[in-house]
Amino acid sequence: MAKKADLAAPDTATTDAPAPAPGDANSDVAAMSYEQARDELVDIVARLENGQAGLEESMGLWQRGEALAARATAYAGARMPFLADLARQSALQDVATGLGGLAVTLVGAWLVAAGRLEGAMLPLLTLLAMSAFVPVWEIAQVGRQLADTLAATRRVHAVHGEPVRIADGPGIPGPRREQAAAIALHNVTFTYPGRRRPALQDVSFTVPAGAMVALVGPSGAGKTTIASLLLRFWDPDSGAITLGGHDLRHWRLEGLRREIALVAQDTHLFNDTLGGNIRIARPEATAAEVTTAIERASLLPLVRSLPEGLDTRVGERGLQLSGGQRQRVAIARAFLREAPVLILDEATSHLDAVNEQVVQEALAGLTRSRTTIVIAHRLSTVRAADQIVVLDEGRVVEQGRHEDLLRRRGLYARLVSRQVAAAIAS
């Protein structure tokens with residue numbers, strides 16, 4: 001979000017903020033004030049975007065409104081000296097231009113009276129004298145615009161100067177595989193930038209080709225971090241992750257992400273048509289393939305209920321659809337993508353009991369011939385997994401099948417007991 005706001009700020013800024021004329025002794029101070037004003041504007045844009053994205057959650061939280069008002073006040077305070085200087089310069093410009101014109105008129109009138117100047121020349125000389133001030137004030141205006149542009153340019157430079165954390169690998173030889181491939185994590189340790197505690201510590205496990213492995217554990221155990229590393233949103237600090245026997249760092253990013261389909265808990269939809277949001281998984285797909293994906297994702301009743309069917313726009317971030325409907329769009333994308341590796345991150349968390357059963361049956365067909373990693377909090381959905389990996393505080397504490405883990409009476413058994421007790425209590 002920060003980068004987005006940084007890039008957006010130059011477009012939203014105006015050029016009315018004055019800068020000192022060239023040679024001003026306070027130019028360094030003014031330049032710092034420009035940076036301060038720019039920083040305040042970036043923060044306001046970021047807060048507005050965050051507020052729009054979380055509008056429903058933030059309703060009634062007056063603290064957010066007070067914080068935004070405080071930032072707006074700070075921005076106004078940073079801009080007011082410039083606006084005051086602009087007013088003074090504008091007033092000085094008008095006074096100087098008027099006095100200059102008046103002086104030429106008076107001197108010209110005296111020369112005309114003395115017979116040393118033709119009367120017809122006086123109006124022309126007055127206009128020329130007043131016009132002579134225009135280039136001088138244009139220089140000051142250019143100075144103002146230049147200072148504001150430099151402040152915006154520094155922020156764009158900061159974005160472009162950020163180090164590229166994830167770079168393309170040399171690529172894996174051979175065509176794209178259509179069959180499943182094994183995934184393995186070898187002593188993977190990873191810490192998010194700015195944090196001290198590792199999100200993953202010395203994690204190792206293998207997902208055989210065509211198998212389903214479930215990742216379970218308390219919140220913050222590192223389950224979603226593993227999915228992010230598999231997609232190379234980040235690279236491990238140490239250790240390695242392999243797909244089909246090749247280190248992920250050796251893959252080209254485009255090729256790697258063609259191999260993996262992700263159904264996340266929070267699905268992002270673009271302000272486009274429903275069909276366009278599904279086709280983004282594979283733009284070259286035929287209409288028949290899109291229809292098949294929609295049917296398998298149990299999305300056909302929704303399409304039929306919409307006034308324009310697949311051509312209906314879903315709104316910003318898919319606000320026209322419910323959470324469950326957005327998640328089924330993500331599942332339809334996974335069907336359409338036909339990737340040999342599938343990651344399901346709480347793929348049915350927003351579905352009601354009836355739709356969950358339908359989608360679970362569809363997902364069973366989808367995962368049958370694919371290497372699948374399932375991230376789940378509801379442990380009832382992972383009983384059929386070929387292997388369950390239990391994570392706690394970024395470490396693998398248990399591995400095995402459902403029945404074996406229950407017999408061990410470890411963390412997995414305790415998590416199951418809590419969920420059963422909560423279900424009975426409700």
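Reader: Before I look at details, what is the mean pLDDT of the protein?

Author: This is a predicted model, so confidence comes first. In the protein, 78% of the residues reach a pLDDT of 70 or more. The mean pLDDT is 78.

Reader: Over which residues does pLDDT stay under 50?

Author: Where pLDDT is low, the predicted coordinates should not be read in detail. One such stretch has three contacts beyond four places in sequence, and that is residues 53–63. The other has 49 contacts of that kind in the model, and pLDDT stays under 50 there too: residues 1–32.

Reader: OK, on to the open sheet: which strands are at its edges?

Author: The sheet has four strands with antiparallel pairing, in the order β2-β1-β4-β5. An edge strand pairs on one side only. That gives β2 (200–207) and β5 (246–247).

Reader: Which strands does helix α7 lie across, and at what angle does it run to β1?

Author: Helix α7 takes in residues 223–230. The strands under it are β1 (183–190), β2 and β4. Relative to β1, α7 runs at about 110 degrees.

Reader: Is D235 buried or exposed?

Author: D235 lies in the loop between α7 and β4. Its relative accessibility is 18%, and the cut-off for buried is under 20%. So D235 counts as buried.

Reader: And what joins the side chains of D235 and R232?

Author: Leaving aside neighbours within four places in sequence, D235 is in contact with R165, I166, F190, L229 and R249. R232 comes in through the side chains. What joins D235 and R232 is a polar contact of 2.7 Å.

Reader: Which residues of helix α10 are buried, and why do they sit on the same side?

Author: Helix α10 spans residues 287–296, and its buried residues are V290, A293 and I294. They sit on the same side of α10 because they cover an arc around the axis of only 100 degrees.

Reader: Which residue in β9 is the bridge partner of A214?

Author: Strand β3 (residues 212–216) pairs with strand β9 (residues 387–392). The pairing is parallel, over four bridges. In β9, the partner of A214 is I388.

Reader: Last one: which residue in the turn between β9 and β10 has a positive phi?

Author: β9 is joined to β10 (residues 395–400) by five bridges, and the two run antiparallel. Among the bridge partners, D392 has R395 in β10. The strands form a hairpin with two residues between them, and the turn residue with a positive phi, about 55 degrees, is E393.

Conventions
Residues numbered from 1 in each chain as written. Predicted model: local features only at pLDDT ≥ 70, side-chain atom pairs only at ≥ 80, totals over all residues. Heavy atoms only, no water. pLDDT = per-residue confidence, 0-100. Contact = heavy atoms within 4.5 Å. Pairing = 2+ DSSP bridges. Axes fitted to C-alpha atoms, helices over the stretch in contact; angles between N-to-C directions. Buried < 20%, exposed > 50% of the residue type's maximum accessible area, 1.4 Å probe, protein only. Polar contact = N/O pair within 3.5 Å; in protein donor to acceptor, adjacent residues only side chain to side chain. Arc of directions from axis to C-beta.
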